[in-house]
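Subject: A structure for you to explore

Hello! Here is the structure I promised to pass on to you. Have a look around it first, and then read my notes below.

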Amino acid sequence: MAELKEPIQFNKDELTPPDFLNEDFLTKVLQKVENDKELKITDCKIIPGTKPGDHFASIMFKAIVSYTTRGKVVSSLSLVIKTMPVEGMKKEMFQEMPVFDREIAMYTKVLPEMARIMESIGDYEEMAPRLLYHGTDPPILIFEDITKFGYEMHNGFLNFDQTVHVAKKLSKYHALSFYINDNKYAHKSEFSDYKGIMITEKTLDKFQTFIDGLGALAEEIETWGGYEHIAKKVESAKYTLLRNILKVYMPNPEPGFNVLCHADFHIKNMMFIKNVEDIDKIFFLDFQMCFWGSPAIDLLYILYAIGDASVRKRQGEIIKIYHTAFEDYLNRLGCLRKGPTLLDLNVEMLKHGHLEILLGLCFLPFFNLDFSKVDMEEMMEPTPEMMESMHKMIFRNPAVKDTMMEILPTLLYRGVLD
């Protein structure tokens, strides 16, 4: 796959907003937000919302609007708009996945209930950006732009100390879902209805191109010397991994331990307020894939899609920190049901080891790809030749090789590759 000569600043499907997303539509939205039928927009500009590779399951825009309401002039309000692709492979791929229905349910039911419970015990930490408007026809969510508060994306992965903040916030999110489920009749929730979205029987074949990369990785491992025995295990994994991953995305049978997983819990799905290198605040983003399952799923994302190598080297510590924070918050909530022991949690991590292969060997290497130099339209419907070329390019990257040499022995010694 040849790289593009000129870097791409924005995703192609975000260069032009869909026809419905215009000044008239935004006027109606703001009239509802401000509860003012006389509100008038005086200026409106819609621009692409994200950089290439930042997200895949939607298209995003920013609307910069000026308006008058009840004699007040709002000179510049920034709105973050998420909607469904109107054409192309991205639309075809995600129309089978109820990602917007799930995220609307999260923002209108689950997250508000979590906030109410938190406030009842004197905890006013916010979990996610404020939703201003949502609709289903067309599917759309409009959020407050949190960059005005100083929130920003983080380039690269987090170090251990930074990752501790993420693990503690995740423990709170998980504990709240555990508590709500334990009191589901009082909270009118049924999280068992939140089935897996990303990997299901219907979507399984769409991930085969990523799994096929294990063959290219095995070829590279063969050339390293001393890793031949690992190469054979990696090669054989590509034939069984998808079916094993499907089991990972099933909840533990009752009375097994489950939480409401974020399930797409990577570094680009969160924003931070930082004090130099320290993290003061975190917002989680993109609740489109949430489902009821093992907490090990989100914890594995911390190891392979949020934290750097220092976090993986101290996996036991990060799991212990998460577990202690989880137990403490359950106690603060007054939850009658006990959570898992630390041993239980570590067993869960081992049981879901096949996800480590997917995250560590198939997805993590793509974080080294400069998506501004990749045609994302091709990525949505890649040819076998294109994927073979891309995999070879990625796995021959010295940084990727170093990461694979770090990860592979750990997977081998824990029996994950068997």
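A word on names before we start: helices (H or I, at least four residues) and strands (E, at least two) are DSSP runs, numbered from the N terminus. A cis peptide bond, with omega about 5°, joins Asp137 to Pro138. There is also a cis bond from Glu254 to Pro255, where omega is again near 5°, and Pro255 sits in the loop between H9 and E6.

Please keep in mind that this is a predicted model, in which local features need pLDDT of at least 70 and side-chain atom pairs count only at pLDDT 80 or more, while totals for chains, interfaces and linings use all residues. Residues are numbered from 1 along each chain as its sequence is written, and side-chain values use heavy atoms, with hydrogens and water left out.

The overall picture

The protein has 17 helices and nine strands. Of its 418 residues, 55% count as buried; buried means under 20% relative accessible area, exposed over 50%, and partly exposed in between (1.4 Å probe, protein chains only). Contact means heavy atoms within 4.5 Å. Among contacts with a separation of 6 or more, 76% are between residues 24 or more positions apart.

The sheet

Which order do the five strands of the open sheet follow? They run E1-E2-E3-E5-E4, and the pairing is antiparallel; two strands pair if DSSP finds at least two bridges between them. At the edges are E1 (40-48) and E4 (131-136), each of which pairs on one side only. From one strand to the next, the twist averages 20°. E4 and E5 (139-144) are joined by five bridges, and Gly135 has Ile140 in E5 as its bridge partner.

Two helices pack on this sheet. H1 (residues 23-34) touches E1, E2 (59-69), E3 (72-83), E4 and E5, and its direction makes about 115° with that of E1. H3 (residues 99-120) touches E3, E4 and E5, at about 40° to the direction of E5. For these angles, axes are lines fitted to C-alpha atoms, for helices over the stretch in contact, and angles run from 0 to 180 degrees between N-to-C directions.

The cores and the covered helices

In soluble globular proteins, nonpolar side chains tend to be buried together. A nonpolar core here is a set of buried Ala, Val, Leu, Ile, Met, Phe, Trp, Tyr and Cys residues joined through side-chain atoms within 4.5 Å. The largest one holds 118 residues, and Tyr173, Leu214 and Leu361 touch the most other members. A second, separate core of 19 residues includes Phe25, Val29, Leu39 and Ile41.

Leu214 is one of the buried residues of H7. Eight of the 10 residues in H7 (213-222) are buried, and the buried ones pack against several helices, including H8 (228-237), H14 (353-363) and H17 (398-413). Leaving out residues up to four places away in sequence, Leu214 touches Val234, Ala237, Lys238, Leu241, Ile357, Leu361 and Cys362. H14 is mostly covered too, with 10 of its 11 residues buried; Leu361 is among them.

Buried polar and charged residues

Is Lys172 buried or exposed? Lys172 is buried, with a relative accessible area of 12%. Lys172 belongs to H4 (residues 160-182), and its side chain makes a polar contact with the side chain of Glu125 at 2.5 Å. A polar contact is a pair of N or O atoms within 3.5 Å; within protein, one must be able to donate a hydrogen and the other to accept it, and residues adjacent in sequence count only if both atoms are side-chain atoms.

Asn269 has a relative accessible area of 1%, so it counts as buried. Its place is the loop between E6 (259-261) and E7 (270-275), and its side chain reaches the backbone oxygen of Asp264 at 2.8 Å.

Two residues to look up

Asn35 is not a glycine, yet its phi is positive, about 55°; Asn35 is exposed at 62% relative accessibility. Lys188 has a positive phi of about 50° without being a glycine, and Lys188 is exposed at 78%.

Enjoy exploring!
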